[in-house]
Amino acid sequence: MSDLLERLRTRGWRMTAQRRVVAEVLDGDHVHLTADEVHALAARRLPEISRATVYNALGELVALGEVAEVSTDGRAKRYDPNARTPHQHLVCSGCGTIRDVRPAGDPLAGLPESERMGFTVSKADVTYRGLCPSCS
């Protein structure tokens with residue numbers, strides 16, 4: 001389970017009822033929800049929460065670096081609470097399910113110096129694609 005709620009408390013993020021429910025919905029492993037999914041789940045816990053409040057909270061969490069936006073294949077952005085843990089993503093080409101993976105080795109090592117074209121490379125985003133057990 002991710003430690004999103006604890007990280008937010010440590011940072012002193014003002015924890016209103018609306019913000020808390022958004023953070024609670026996002027907290028966990030392999031969580032990659034769209035804003036609409038976050039809103040639907042948050043509304044089950046706090047029926048009066050508005051879509052705008054959810055979008056604002058997600059924007060703040062991304063700006064703080066506590067949640068990462070994940071985009072795959074032009075689908076809706078998804079929100080990943082594991083922004084602080086280095087990982088890559090495994091995406092199902094059928095249903096779009098996303099899972100966090102931690103492959104061995106440094107992904108930057110896969111780009112030879114001769115292919116860096118003078119860039120100082122600081123990060124590599126690798127996405128693995130295939131079919132999940134339900135789609136294969």
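**Entry 1: overall layout**

I began with the model as a whole, which is predicted. I counted four helices and five strands in the chain. Next I read the order of the elements from the N terminus, and it is α-α-α-α-β-β-β-β-β. I also looked up the extent of the chain. Along the principal axes, the C-alpha atoms fill a box of roughly 55 × 40 × 25 Å.

**Entry 2: α2 against α3**

I turned to the helix pairs. Two packed helices are described by the angle between their axes and the distance between the axes. I took α2 (residues 17-26) and α3 (residues 35-45) to start with. Their axes lie 9 Å apart, and the packing angle is about 120 degrees. That angle makes α2 oblique to α3. I noted a right-handed crossing where α2 passes α3.

Which residues make the contact? From α2 I listed Val21, Val22, Glu24, Val25 and Leu26. From α3 I listed Val38, Leu41, Ala42 and Arg45. Sorted by class, the contact of α2 with α3 has seven nonpolar residues, two charged and no polar ones.

**Entry 3: α2 against α4**

I then checked α2 with α4 (residues 51-64). The axes come within 10 Å and cross at roughly 70 degrees. Oblique or roughly perpendicular? An angle of 65 to 115 degrees counts as roughly perpendicular, so α2 is roughly perpendicular to α4. The crossing of this pair is right-handed.

On the α2 side I found Gln18, Arg19, Val22 and Leu26. They meet Thr53, Val54, Ala57, Leu58, Glu60 and Leu61 of α4. The contact of α2 with α4 divides into six nonpolar, two polar and two charged residues.

**Entry 4: α3 against α4**

The remaining entry on helices concerns α3 and α4. I read an angle of about 120 degrees, with the axes 9 Å apart. These two helices are therefore oblique to each other. α3 passes α4 in a right-handed crossing.

Ala35, Asp36, Val38 and His39 are the α3 residues here. Their partners in α4 are Arg51, Val54, Tyr55 and Leu58. I sorted the contact of α3 with α4 into five nonpolar residues, one polar and two charged.

**Entry 5: the largest pocket**

I finished with empty space. Rolling a probe the size of a water molecule over the atoms shows where empty space is left. The largest pocket has a volume of about 500 Å³. How many residues line the largest pocket? I recorded 24, with His87, Gln88, Lys123, Ala124 and Asp125 lying nearest its centre.

I asked which elements supply the lining. β1 (68-70) and β3 (88-92) each give at least two residues. The largest share comes from β1, with three residues. By class, I logged 10 polar, nine nonpolar and five charged residues in the lining of the largest pocket.

Notes
Residues are numbered from 1 along each chain as its sequence is written. This is a predicted model: local features need pLDDT of at least 70, side-chain atom pairs count only at pLDDT 80 or more; totals for chains, interfaces and linings use all residues. Side-chain values use heavy atoms; hydrogens and water are left out. Axes are lines fitted to C-alpha atoms, for helices over the stretch in contact, and angles run from 0 to 180 degrees between N-to-C directions. Angles under 35 degrees count as roughly parallel, over 145 as roughly antiparallel, 65 to 115 as roughly perpendicular and the rest as oblique. A crossing is left-handed if the near helix is turned anticlockwise from the far one by less than a right angle, and right-handed if clockwise. Contact means heavy atoms within 4.5 Å. Ala, Val, Leu, Ile, Met, Phe, Trp, Tyr, Cys and Pro count as nonpolar, Asp, Glu, Lys and Arg as charged, and the others, Gly among them, as polar. On a 1 Å grid over the protein atoms alone, a cavity is a set of points where a 1.4 Å probe fits but cannot get out, and a pocket is an open set with protein on both sides within 12 Å along at least five of seven lines; lining residues have an atom within 4 Å of a point. Grid points are joined across faces, edges and corners, and a volume is the space filled by probe spheres set on the points.
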